[in-house]
Amino acid sequence: MTLKQIEGSQGVAEAVALCRPEVICAYPISPQTHIVEGLGEMVKVGQLRAEFLNVESEFAAMSVAIGSSAAGARTYTATASQGLLFMAEAVFNAAGLGLPIVMTIANRAIGAPINIWNDHSDSMSLRDCGWIQLFAETNQEAIDLHIQAFKLAEELSVPVMVCMDGFILTHAYERVDVPLQEQVDAFLPSFEPRQVLDPARPVSIGAMVGPEAYTEVRVLAHAKQIQALTLIPEIAAQFKAHFGRDSGGLIKPYCCEGAHTVVIALGSVLGTIKDVVDELRTQGCAIGVLGITSFRPFPLTEIRQALQGCQRVLVLEKSFAVGVGGIVATNVRMALDGTGQKVLTVVAGLGGRAITKSSLAATLTAAMNDLLEPFSFMDLQQEVIDRALGRERQIRRSGPVAESVLRDIGSVASQIC
Amino acid sequence: MNKPFAITLDVGSSLANKTGSWRTQRPVYLNRKPPCNHQCPAGENIQHWLYLAEEHQYEAAWRVIMEDNPFPAVMGRVCYHSCEKVCNRGQVDLPVGINSVERFLGDQAIKHDWQVTPGAPTGKKVLVVGAGPSGLSAAYHLARSGHAVTVLEANDKAGGMLRYGIPKYRLPREKLNAEIARIKKLGVDIQLRTRVTDLSATLAAGHYDACYVALGLQQGRLEPIPQQGHLPVLDAVSVLRAVELEESVAPLGHVVVYGGGNTAIDVARSAIRLGALSATVVVLEARDQMPAHPEEVREGLEEGITLLNLRKIIQIQDHTLTLEIMVSGEGRETLPTGQTEAVHADLLVQALGQAGDYSLFSSLPQEVTIQNGAVLVDQKGMTSLAGVFAGGDMTPSARNATAAIGAGKKAARHIDRLLRGAMESACLPQELADIRWMNTRYYSDAPRTIRPILDIVRRTSGFAEVVGNLDEDTALFEARRCMSCGNCFECDNCYGVCPDNAVIKLGPGNRFKINYDYCKGCGICAAECPCGAIRMETEQI
Amino acid sequence: MSHQPVKFYQTGTFTVGNRLLDESIRSVQATKTRSNSLNSGHRACQGCGEALGARYALDAAMDVSHHQLIAANATGCLEVFSTPYPETSWQLPWIHSLFGNAAAVATGIAAALRIKGRSEVRVIAQGGDGGTTDIGFGCLSGMFERNDDVLYLCYDNEAYMNTGVQRSSATPPAVRTATTLPVGAEPGNVFGQGKFVPTIAMAHGIPYVATATVADLFDLEYKVKKAIQIRGAKYLHIFVPCPLGWGAASSDTIKLADMAKECGLFPVFEAEHGKVTGVSKIRKLIPVEEYLKRQRRYAHLFGKSPATDVISKIQARADENIRMYGLLATDVR
């Protein structure tokens, strides 16, 4: 095994290339851009034999992917944030048509206000579109999940999103193990489509389905997600057998045994949380961490089992459903239905706000002492909120909120690390 | 392929949806009667033989003509082709040159010696009196029906007015002879120089089962005009007959012909050819009212005849004719003005009409009705005496060769039925193929071929044929201008334009079939049928 | 312009078939072996011009590609009436994804075929005018500028018919639609809006752009066949009357298409690399009024007091086309 010190995006680009995609659609949007740039270069120099298309929008990117996948080509694209929303219609459509496209989401906040930094609002907004959503904790896992994603997608005929935190992972240089081509070839068979546009055996794909069968079609989509609950761990096990490391799977429990409090999170923040938990455990706190790799399908049973015996669950989310509260937490509550276990929601890291160890430690400590509100925001500047609300009460034309907030606090105060 | 449920479908599955149930109207194929066929006095199926000619099937086309008319080469020259006047193509650009294609086919038949076979003998005998176009037509059809036919003709040669009334320049005699010879080959016995004076006796002597009398109008009629001096005054029939027999007519000089029909023009044109110094035609009617065929008039004028319309000859004083100037009244009426003018003449030929000699009927047991100089016949062509049929110029008719041929055919059909004791077959009248049922935008824009006309000098210097022969390309071109009014010509339009693929193509010669399982009744096939062979009918729901 | 009309024949090449023509130059639609790419049993309205145009075009494409053809279809009438579960009318590999992405889906198919080395398989994208000139325009333009190996077929019936006859950017002025009602100061669709995508396609400099109507089958087939054989992006804009949306007799579909061309309102031409290389001349020029009168979507122009000013403005549009494209037989290009 040789480790390479490379950027996360470059690592993903190399991993995707090892999967021998035949069609790659590229449309620039930060922070995904480096991935497709890397792939584009590989195609251009002839290192990767694929069609690399510079399309005119994310909507076109996913649409081209739909076409190429339906024509039997292994297809890849990547996007983030606004891009994912712009292709939303096609994202649902790819799932509805059962096309095994793999797409990287370099997770990023959604505007307005426009914001290029990381949170999970983009993926979460399309959590119910029928795609499998896998969240990478590290760049190594991002690489590994892509290799697993093609296998998973193609076995089920379902598209897969591999979500990795924008900038935090995509732009981070780390030592990673990029597998060898023969390893990947041995793990990932060539694409045998379940349906294909072929003049030799013509079919019509994308029929209009009315009330007489629509429900059944939706239930069948759900059934595929349920199948994935079995298949994802299987593929992770196969992966381990081929590559010698644990990667992927549905969930990642960390020190959950005997923990009274378990912190649940997705993505790169798990690393920071684990550091804080390690420190708290040295102080004797019964606290553990549960990382969720597969958010769709959501592993209800596995999570319920992993949380058995803990008193409270703290869900730390990088997105939230405006008007309700936590998104992941809502799903976790479903897993814990009837257990009476307490579920707290903390929203953190929106729009790239740093999640610091100290804030985390304070939050977790408060949670363990039952001092935390059921729904709260980490490092919220309450006085800014109060000022803005006060201004709006006073002046009808109070101006745009985002700009006012920036004026209030100064952009240097946005706490980007 | 393990296809996704409902979203991915197999080909061919839409056939389960029978959209024919949507229909409130259904397209139905039909044949409408083309106006040319409807118009043809000889009852030719013109559209049908043009269809075959289009495909180079000249012999087959000729045989279709021969079903109705034994004289294609002759009629291709002398018929006034009223079919072309009603030809729907005339409303698009110019009528199809039907007549010229007929002539081409007739000439091909003579060239290749195509023959017709007689029918199986019936043992019945039929007498035909007169070997003119009508008599020969009847004889031909009767022979094809298997009857033994004898034609008795007073003249030296068969052909009647085709020979003795139509000049050679309009009808070369070798064509006429060839077509008469073909009728003889069928077994028709033509006895020349045999005038029938007592029909009753002739019928009894020959044990005939039926007879057809077609004497024509052999006697030229002379209008009495006050005359002083010795100007020769002849009737047109005698003049044309003399021309045919190459007998000398009176000294020619300045010839004046009196009359406005084709005969008058024929006489004038013949006079020019025989060396007359001038030929002037005095016509009572205005130019647009005169009965002569405009083409004949035009060709005559080109050859140098002079036309004096709205003139009446009121007096002959030696070589001077006094003409009263007339004016047009209501309809065809002309009124005198009292004004006169003088014209010099060395010969006056009257072409004002002909009369028949019906004395042969006098001995019959029952009287044959004669009215206004014509023998009356019923719908079947039978006179008031059962078994005695008559037709041609001697019966009330258009008095031209084509009508005479048609009358002969009709009489032959009824004689045949009478002799076989067959019932009249009821046949529904066919709807006329009016141009409003057609979609003429599909026809290529193509002008009618202009007939090559012999130069004036060549024409006037002798009796060479005036109207030139069409070569094959030209004939084909004309045939292919036929719009096939009311009759499917397999253009595939209905098959192509149906948005529901509900028209089944049955292959060459077999036309098409509607697949009512899927036909939604939109009506595009009927709207886009060039020739009007599809009709939309309301569904009975 | 496009094909050699055989002048010597009764109907030349105006009819679908002609028994007098050599089989090799008969239309695909005249053959018993045509693909019927859009099969019987589809649920298009009676007399649907789009259904007809689609079969004309795809059968020709199937013929020239030896049945090596894949089609991507935009949402719209054509898609809805052809593939309601459990029945499809398509007899070729066909995919429907979305309203606005047919061109991009086709690009994807073409890319897949290219990487798989299946150059013999040709790709078509098709949609109505809404799916092409409006919602699908971005993807269309992208497909054009990349010169992707796709033939895009736009079936133009001048409005959103599937959703109940609303205005599109291909709806002509004065037309009554559900969103341009014949009321107010300027009844119907307003003048001065809309776009003609063929010329925009030409501006991309793609190898081939053409227009056609369902009234001239030979011309349409010629253009489809020509386009299919060209590598790169091709655009064919086919005029397809809609009896329902236009308020016309179902039997008038072809007639109206012919009249639109004959009055000059719909110019029929072809262009290569951005330059017009041929036009279909008007055979018999007619005033626009004759065309407009047959359609209830223009009925408000022909009431008790006809809107002669509006009609003459429409006539001026036709005259401008005639001038610009040289549509009269006497015009020399």
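Figure 1. Of the contacts (heavy atoms within 4.5 Å) in chain C between residues at least 6 apart in sequence, 69% join residues at least 24 apart. This is a predicted model, in which local features need pLDDT of at least 70 and side-chain atom pairs count only at pLDDT 80 or more, while totals for chains, interfaces and linings use all residues. Residues are numbered from 1 along each chain as its sequence is written, chains are lettered from A and ligands numbered from 1 in the order in which they are written, and side-chain values use heavy atoms, with hydrogens and water left out. Chain C has eleven helices and eight strands (DSSP runs numbered from the N terminus: H or I of at least four residues for helices, E of at least two for strands). Of its 333 residues, 65% count as buried (under 20% relative accessible area, with exposed over 50% and partly exposed in between; 1.4 Å probe, protein chains only).

**Figure 2. Chain A and its contacts.** Here you can follow 15 helices and 16 strands in chain A. Among contacts in chain A between residues at least 6 apart in sequence, 81% join residues at least 24 apart. Buried residues make up 59% of the 417 in this chain.

**Figure 3. A salt bridge between A:Lys274 and A:Glu137.** The two side chains meet at 2.8 Å, N to O, in a salt bridge (a side-chain nitrogen of Lys or Arg within 4 Å of a carboxyl oxygen of Asp or Glu). A:Lys274 lies in helix H10 (residues 269-282) and A:Glu137 in the loop between strand S6 (132-135) and helix H7 (139-156), so the pair ties together parts that are 137 residues apart in sequence. A:Lys274 counts as buried at 17% relative accessibility, and A:Glu137 does too, at 11%.

**Figure 4. B:Glu539 paired with B:Arg23.** The closest N and O atoms of this salt bridge are 2.8 Å apart. B:Glu539 sits in the segment after strand S23 (534-538) of chain B and B:Arg23 in the loop between strands S1 (8-10) and S2 (25-29), which places the partners 516 residues apart. Both residues are buried.

**Figure 5. A pair within helix H3 of chain B.** B:Glu59 and B:Arg63 form a salt bridge, with their closest N and O atoms 2.9 Å apart. Both lie in helix H3 (residues 58-66), four residues apart, or about one turn of the helix. B:Glu59 is partly exposed at 32% relative accessibility, as is B:Arg63 at 33%.
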